[in-house]
Structure formats: structure tokens, C-alpha cells
Amino acid sequence: MEQVHPPVTPPATPPATPSIQFRDIPEAGIDRALSLAYLVFHESPEDEKRKHHRDLLLDCVRIGAYDGEELVGFLAAFPFTVSVPGGELPCPGLTFVSVAPTHRRRGVLSGMIAEMFAKASADGAPIASLWASEAVIYGRFGFGPGTHGSTVEIDSRRPLALRITPDDRPLRLLDPSEVPDVLGPYYDRTRTGPTGRAGRLARTEAWWREEWMAEKDEEDDELSPPRVVTVVNPAGPSPIAGYAIYRTKTHDDAPGLVRLDDLEADTPAVAAALWRYLAAIDLTGTVRAWGRPQDDPLLLFAADRDQVRVTSDFPALWIRLIDVRAALSARSWAAPVDAVLDVRDDRLPANAGRHRLTASPDGCAYERTDDPADLTLDVRDLAAAYLGGTEITALVRAGLAEEHTPGTATALDAALRTALLPHTVDEF
Ligand SMILES: CC(C)(COP(=O)(O)OP(=O)(O)OC[C@H]1O[C@@H](n2cnc3c(N)ncnc32)[C@H](O)[C@@H]1OP(=O)(O)O)[C@@H](O)C(=O)NCCC(=O)NCCS
């Protein structure tokens, strides 16, 4: 008989300061919440940006921490859908995390996160996500870096040297109004399916328009509006074989910058054509590609690695497994594995303890057991491994996971493996 599993219900976390109460922020409270966020992030946005944030927050879960009637904490969660190996899952994306400077380190953030976990669980979201402004904050809440990004810089004062021949189909610049219709379906194929990468957010039409095609860059107002170049694919079925989204800025006395925001291509040759185009834009001398996947083929087909350098690597999308069983059952598995995992999870104890994971390309079972553990690890490290971006063997080598039965970590790695590394470039 099929076992019935109760949903993971997070325990109510009593606030560290009893006078603090946690409750939803109504629509009428959004402006007050934004004022708190701007205070803690040291921002004073123009009306247009404030309106944009307000519009974004209308669709979000909004949690407030109140000291009496005073709003002292704010956290929102976008209703995202994120690709996981073999599929996709609802995945709240935490944002605007703010605590009043008068109320720091009293458990306000902890209380808001407990509220958010309870809501996600009630809404049937087995995972949650965020981008961290400080990497030190979120591990304690069970978040692990599920995807990583690399900043790649090309010295484009000379032609880009390549070891492969770029695709010679025509390039075409798109008008921003065409972007959701042309890039949208193309991008969707880069998320799921055999050539998809885990960790990618579904982009709605509004997300394309307001986040990707926003006239002004949020962080650098010297940058041009976004430009979109595509490789035309006259033979169909998709009208394009690849695209790049970028902005530029020039200096009076020095070569300017091309800042690449996103690039996807059907083949290495198409990618080569796009990179060569970006590196050849007149009056510029640097291409800075932010948040590239760590297995970007450019790093192999560039003929001169002094010309194409990785200047930083960073954790991108942090993942929290809110319901470990549901999360593991929802992803695909590349190879068979049968192992008892002992998972530590202080914040959501329903996830903690020993479970037998029996997974294969045909499916996955994850059941509580009294059998001895083959491997012990923290839920944050399981989260880091979940999308295929961190190896369990590396966690063992780092002393973060303990292997009781030799070979378990290697078998888990083979099962968790994905053809392409997980990747996220939608920062929120
Ligand atoms: C970061 C911030 C949200 C923390 O809120 P808070 O209410 O002070 O956090 P809590 O009191 O719940 O702290 C929970 C734990 O995290 C730790 N912590 C929180 N912020 C930390 C930080 N910036 N660096 C190191 N540790 C931090 C606390 O020491 C505490 O540790 P403990 O559980 O071992 O006691 C708040 O300081 C803030 O609003 N900062 C400015 C905005 C910001 O950085 N937001 C995060 C954007 S991703």
C-alpha cells in the first residue's frame, strides 16, 4: 500500500523578542515596507523605481515584523518557478530582506524566515531560493549555494582569438518589444528538457519586459539601454539559433565597456559568433560577462586564455530544501543509488534524521528508516548538491559530510550528476 506522507509542517518559531509579531503586509502597507528596505539598503530611488518595486511586490508574499504598530522587519517572496534536473518546481524567491537598524540581532530575520518556510510549505513549494548580499547570512537557515556564476572578462582591444569557426548565419538586432515573443520560447528550452540547465527561473512576459528590457540599469545609470543581438535561423523551427543581451558604456579617454547580461546558443559555433560580435563592437575594449555558467564553452574554445579571464566566481542562487522528501522525489536521477542519509536540519526538524534514498533514472523513493546511516550531512549541504552543482565527494573531502560506508559519496555524485552545471542569471 502506498504510504501517505504528511506535509512538512515547520514548527512555529517563537520570536526571540516576545514583543515582535509577524504577519502579512497588506497592499496598503507596501510603501511603508519599501521605505524600510530603502533605509537598510541605503537607497533613495526615484519615483519611477519605487513604482516598479511596488508593482513587483503586488504579486509577492509579503511578511512583516511589527513591534507594536511599527514595521521593523520586511521580507518578500516572488512566486517563482525554477528548473530542477528533469523538471521544474514552484520556488518562492526571497527578496527585500530588511530589518530596521534599531532591531538588528534580536531574531527578527529568523522569525520572518520561519514564517516564510511555513507559508511555502502550506503552498506546496518544496524548495525556496534567494540571492544573498552577504554569503555569511543564510547557511544557518539551511540555504546552500545551488548554482554558481563566473565573471568572465575579454580584452577586446584585439580580435577575439578562437579555436573553432563561428557560425556564419546573419546577426540581427531585436527591438525590445520583440524580446518576450522571440527570446521567451528559446530561453524556455534552455531551462528544462535534455539540453536544459537546472536553477533557471521561468521568465514571464512582464519579467522580460520590466527586468530584462528595463531602459535603465538598476546599478549603473551610465550604461546604455539593453541591446539584443540574435543569430538568425532561417531554417526554423525557432527563428533564432542564439542570442546575447548586453549594455554598453564609453569613456572619453579610454575604450568603453560591453557588459554582457545573458547569452544562449544552440551550438558552440553560434556562441562563438555571438562572442566575436560582442568583442568587435566599435569604441569598446572590454567585454565583461557577468554570471556565466562555470562550464561556459568559451573558456575552452578561446584560443588565448590571457585574453579571456575568469575574474570572479560567486554563489548565485541559494536553495533551501523545505521538504527534502518532496524535493528529492521531484528531480531526475542519472544513475542508481541506494543509501541511508542522516540529514541534520535544526530549523525544520521534520526533514531531520535517517532516510533511505533509493533512486534511479526510473524514479526516487525517500523513506524514514532505522537502518544505520551511510552518510551524514547538513541540509544546507544537501541543498548545495541538489541541482547537481556541488559534489558530495567534495563535501566529504572538505569535512562537511561524513561518509560511514565507503563509496556512498561517489554513488550519490553519479546519481545527482547533470549534463550541464546548474546556472542562474536572473538576480532578484
Ligand atoms: C541581515 C539582516 C536582515 C539580519 O537581520 P537580524 O534580524 O539582525 O537577524 P537575526 O537577529 O534573526 O539573526 C539571525 C542570525 O544570523 C546572524 N546574522 C544576521 N545577519 C548577519 C550578518 N550580516 N553577518 C553575520 N551574521 C549575521 C545573527 O548573528 C544571528 O546568529 P545566531 O542565530 O547564531 O544568533 C539585517 O541586519 C539587515 O536588514 N541588514 C541590512 C540589509 C541586508 O543585508 N539584507 C540581506 C539581504 S540578502
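Trainee: Before we start, what makes a residue count as buried here?

Mentor: A residue is buried if 20 or more other C-beta atoms lie within 10 Å of its own, and partly exposed if the count falls between that and the exposed limit of 12 or fewer. Keep in mind that this is a predicted model.

Trainee: Thanks! So is L109 buried or exposed?

Mentor: L109 is buried, because 21 other C-beta atoms lie within 10 Å. You will find L109 in helix α3.

Trainee: And what does L109 touch?

Mentor: Not counting residues up to four places away in sequence, L109 touches G73, V97 and V99.

Trainee: How about G107, where is that?

Mentor: G107 sits in the loop between β4 and α3. G107 is partly exposed, because it has 18 other C-beta atoms within 10 Å.

Trainee: Let's move to the ligand. Which residues come nearest?

Mentor: There are 18 residues around the ligand, and V99, R104, V108, L109 and S110 come nearest.

Trainee: Which elements each supply at least two residues of that shell?

Mentor: Those are β4, residues 87–99, and α3, residues 108–122.

Trainee: Where does UniProt put the binding site?

Mentor: The unreviewed UniProt entry places a "binding site" feature at V97, S98, V99, R105, R106, G107, V108, L109, S110, S133 and E134. The unreviewed entry also places "domain: N-acetyltransferase" at residues 20–165.

Trainee: What does the chain look like over residues 20–165?

Mentor: Over that stretch the chain is 26% helix and 38% strand, with the end C-alpha atoms 62 Å apart.

Trainee: Switching to packing: which residues have the most contacts inside the largest nonpolar core?

Mentor: That core has 76 residues, and the ones with the most contacts inside it are L75, M112, M116, I319 and L321. Domain 1 (20–125) and domain 3 (327–416) each give at least three residues to this core.

Trainee: What is L75 in contact with?

Mentor: Leaving aside neighbours within four places in sequence, L75 is in contact with I63, L94, F96, V97, M112 and M116.

Trainee: One more spot: where is A316?

Mentor: A316 is in the loop between β13 (308–315) and β14 (318–321). A316 is buried, because 25 other C-beta atoms lie within 10 Å. Leaving aside neighbours within four places in sequence, A316 is in contact with W131, T147, H148, G149, G291 and T424.

Trainee: Last one, how many residues of helix α9 are buried?

Mentor: Helix α9, residues 379–386, is mostly covered, with eight of its eight residues buried. R380, D381 and Y386 are among them. After α9 comes G388, whose phi is positive, near 95°.

How values were computed:
Residues are numbered from 1 along each chain as its sequence is written. This is a predicted model: local features need pLDDT of at least 70, side-chain atom pairs count only at pLDDT 80 or more; totals for chains, interfaces and linings use all residues. A residue is near a molecule or strand if its C-beta atom, placed from the backbone, lies within 6 Å of it. Helices (H or I, at least four residues) and strands (E, at least two) are DSSP runs, numbered from the N terminus. UniProt positions are given in the numbering used here, feature names are shortened, and annotations may be inferred rather than shown by experiment. Two residues are in contact if their C-beta atoms, placed from the backbone, lie within 7 Å. A nonpolar core is a set of buried Ala, Val, Leu, Ile, Met, Phe, Trp, Tyr and Cys residues joined through C-beta atoms within 7 Å. Domain bounds come from an automatic or database domain assignment.
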